[in-house]
Amino acid sequence: MFSQSDHAGFLPLDRLHELVALLMQQGHQCLGPAVENGAIVMRELDAPDGLPRGLQAEQAPGRYRLTTDPPNRYFAWANGPQAIKPQAFAPKESLWRVERDAAGMLQFEAVIPDVPAQAIVGVRACDLAALALQDAHFLREGRRDPHYAQRREELFLVAVQCAEPGATCFCASTGDGPTPTTGYDLALAELPDGFVAVAGSAKGGAVLSALNLSPATPQQFDAARQQGLAAAAAQTRSLPGRLSPSGGNLRETLMSRLEHPRWDEVASRCLACGNCTAVCPTCFCHAEIDEPALDGQASRHERIWDSCFGESHGHLHGFNVRPDIRSRYRQWLTHKLATWYDQFGRSGCVGCGRCIAWCPVGIDLTEEVAALTAGEQP
């Protein structure tokens, strides 16, 4: 995206804290990268200068380890296990509550979340693409989810270009990165002396104007573009070109191979733990449960994240439509990469690679797709 425009500027490294401070002054709760339990996650920043530097993440199938970045950059790390999803589609929240009144009658009341305005600093291009898919599901015409909508409207997104993709990343092959192109309020490309900053919304433009930045030079814009191209070229994993979101026959290829022997092979390794769905930025499966008060006078109806790998997820009255791991893994992969087209016109994979790194047994989605589509002509 990084091209010269009226809504762009150059933010020196020693002024990055001014951006965070301005967002805080505007009333935003600012979230940024933090180290927690050996991983980079998004947490609230205590101060404008609270963004860490010098972090990188080594990722491989079933492996995630933090390392150091010798150039001491702010955003040299590839994505951690957490995307934007928890800030819009909460892991657990109340949808409605019921309470018995003085006359003993039940009174029902919708529960709409009271959420703060949040600014997330460090959003990746793959996660912006995933958020667009979440929007398509939760904000679709006639089925707008008020809880998701309330959280979504309060988000201010500061995206950053990925200069150092992880070994598990393949967003270039899905067309979703590594350079942000849409869906952000501000986008930053980190160079040795500062950031090329581009506004993507009216809110972002207002923030840029308030910072009163100098224009980025043509050389700085070109450096940002070349950095994005180099990051894309450095990715070693991919979905086959014919299976990219614009490839056209992804659905037909996978759905014609529902009895392929590879499903049995991958099922023998899969633990059905649900890690892949928990870290996936586009998965939206959920369950609903009731949590009654101990005195029996009130109850809350809760929505919680669920996974198609759970045995109960496929349970219907009297039988289970997905009784084994083979059928559950097949459901996940074919929905994500094939029947998602029927719902949203593209695959549900944005190439973030989280499902590969956070799978305890190192199952690689790109490897499974290659095996399932072997022999298919491009």
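**View 1. Lining of the largest cavity in the predicted model.** Helices α10 (275-279) and α11 (325-344) each supply at least two residues of the lining of the largest cavity. Helices (H or I, at least four residues) and strands (E, at least two) are DSSP runs, numbered from the N terminus. A cavity is a set of points on a 1 Å grid over the protein atoms alone where a 1.4 Å probe fits but cannot get out, and lining residues have an atom within 4 Å of a point. The lining has 16 residues, of which C270, C276, Y329, C359 and I363 lie nearest the centre. By class it holds 14 nonpolar, two polar and no charged residues. Nonpolar here covers Ala, Val, Leu, Ile, Met, Phe, Trp, Tyr, Cys and Pro; Asp, Glu, Lys and Arg are charged, and the others, Gly among them, are polar. The volume of this cavity is about 140 Å³, taken as the space filled by probe spheres set on grid points joined across faces, edges and corners.

The model is predicted: local features need pLDDT of at least 70, side-chain atom pairs count only at pLDDT 80 or more, and totals for chains, interfaces and linings use all residues. Residues are numbered from 1 along each chain as its sequence is written, and side-chain values use heavy atoms, with hydrogens and water left out.

**View 2. Two nonpolar cores.** A nonpolar core joins buried Ala, Val, Leu, Ile, Met, Phe, Trp, Tyr and Cys residues through side-chain atoms within 4.5 Å; buried means under 20% relative accessible area, exposed over 50%, partly exposed in between (1.4 Å probe, protein chains only). The largest core has 66 residues, and L16, L19, F75 and V196 have the most contacts inside it. Helix α3 (residues 125-138) gives the most to this core, with seven residues. A second, separate core of 26 residues includes C270, C280, Y329 and I363.

View 3. Six of the six residues of β9 (residues 155-160) are buried, so the strand is largely enclosed by the rest of the structure. L155, L157 and A159 cover one side, and F156, V158 and V160 the other. Strands pair if DSSP finds at least two bridges between them. β9 pairs in the parallel sense with β8 (residues 118-123) over five bridges, and L157 is the bridge partner of I120. Three bridges join β9 to the parallel strand β10 (residues 186-191), where L188 is the bridge partner of V160.

Technical notes: 1 Å grid on protein atoms, 1.4 Å probe; cavity = no way out; pocket = protein on both sides within 12 Å on 5 of 7 lines; lining within 4 Å.
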